[in-house]
Amino acid sequence: MVKREIREISRSRDLKSIRKNIYISCEGDAEVNYLRGLKEHFKKKATIKISNSKRTAAKDVVKNLKIRFGSEYKKEDLKYCVFDSDENTQQDLDDAKKFANKISSKIIYSNPCFEIWLLWHFENDFSIQNSRENLKKRMEDIIKPKYWNDSNLYDFFREKLTNAQTNYLHRKKELEQDNIPFYSKESNPYTNFDELYDDLSKL
């Protein structure tokens, strides 16, 4: 009995030692609620902390990661800045990328916005998206009004993840063939959100 308890304690300590600490800075209610679903989904593999910058400027999202978590994350921890193309200029995006590189953070970029990742769960649409509002309206028609406020947002998408991943790979190949940089204003529509999911899956 005692030996079994010792083994259980040892196993628990081993699990804690391999758990990853993950820090995410993002912008937008939909992103936060979706990421909270990922946090729950991967809770046995990682300790995930999320902070909403409340600002859409790319560099502000990166700054928020540093301000919010800079005193606690370590070199080996995984860090992500999740933001959209939105009103950022290419120079804004480049400046944000330089800052993110300095703090060893990976960028999860959506063009024009995060809703393209949500849409790809349901539709194979690779046409240029003119606005965030149009995409939000389409998602409201698919999911429900004001879906972005739903704390269980991730649950609407989890069973259709393979569709989104397939669409991501298709669009990535298109951009490569056309020599269009992924991280640019010209990549519309694009998102590499699957890279965050893939990183978590590999833990």
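This is a predicted model: local features need pLDDT of at least 70, side-chain atom pairs count only at pLDDT 80 or more; totals for chains, interfaces and linings use all residues.
Local features were taken at pLDDT of at least 70 and side-chain atom pairs at pLDDT 80 or more, whereas totals for chains, interfaces and linings use all residues. Residues are numbered from 1 along each chain as its sequence is written, and side-chain values use heavy atoms, with hydrogens and water left out.

The largest pocket holds about 160 Å³ of space. A pocket is here an open set of points on a 1 Å grid over the protein atoms alone, where a 1.4 Å probe fits, with protein on both sides within 12 Å along at least five of seven lines. Grid points are joined across faces, edges and corners, and the volume is the space filled by probe spheres set on the points. The lining, defined as residues with an atom within 4 Å of a point, consists of K97, N101, S105, K106, I107, Y109, F182, Y183, Y190, N192 and E195. By class, five of these residues are nonpolar, three polar and three charged; Ala, Val, Leu, Ile, Met, Phe, Trp, Tyr, Cys and Pro count as nonpolar, Asp, Glu, Lys and Arg as charged, and the others, Gly among them, as polar. Helix α4 (90–102) and strand β4 (106–111) each contribute at least two lining residues, and β4 provides the largest share, with three. Helices (H or I, at least four residues) and strands (E, at least two) are DSSP runs numbered from the N terminus. The C-alpha atoms of N101 and V62 are 9.9 Å apart, with a separation of 39 residues in sequence.

The largest nonpolar core comprises 55 residues, and those with the most contacts inside it are Y34, L38, F83, W117 and F193. Such a core is a set of buried Ala, Val, Leu, Ile, Met, Phe, Trp, Tyr and Cys residues joined through side-chain atoms within 4.5 Å; buried denotes under 20% relative accessible area, exposed over 50%, and partly exposed the range in between (1.4 Å probe, protein chains only). In helix α8 (residues 193–201), F193, D194, L196, Y197 and L200 are buried. These residues lie on the same side of α8, because they cover an arc of only 155° around the axis, the arc being that of the directions from the helix axis to the C-beta atoms. Beyond its neighbours within four places in sequence, L38 is in contact (heavy atoms within 4.5 Å) with F193, Y197 and L200, as well as with I48 and Y154.

Strand β5 (190–191) contains T191, which is buried with a relative accessible area of 0%. With neighbours within four places in sequence left aside, T191 is in contact with Y109, S110, I116, W117, W120 and Y168. The C-alpha atoms of T191 and K136 are 16 Å apart, at a sequence separation of 55 residues.

Two cis peptide bonds were identified. One runs from N111 to P112, with omega near 10°, and P112 is placed in the loop between β4 and α5 (115–119). The other joins N188 to P189, with omega near -5°, and P189 is located in the loop between α7 (161–177) and β5. Positive phi values occur at two residues other than glycine. K146, with phi near 55°, is in the loop between α6 (132–142) and α7 and is exposed, with a relative accessible area of 53%. N179, with phi of about 55°, belongs to the loop between α7 and β5 and is exposed at 68%.
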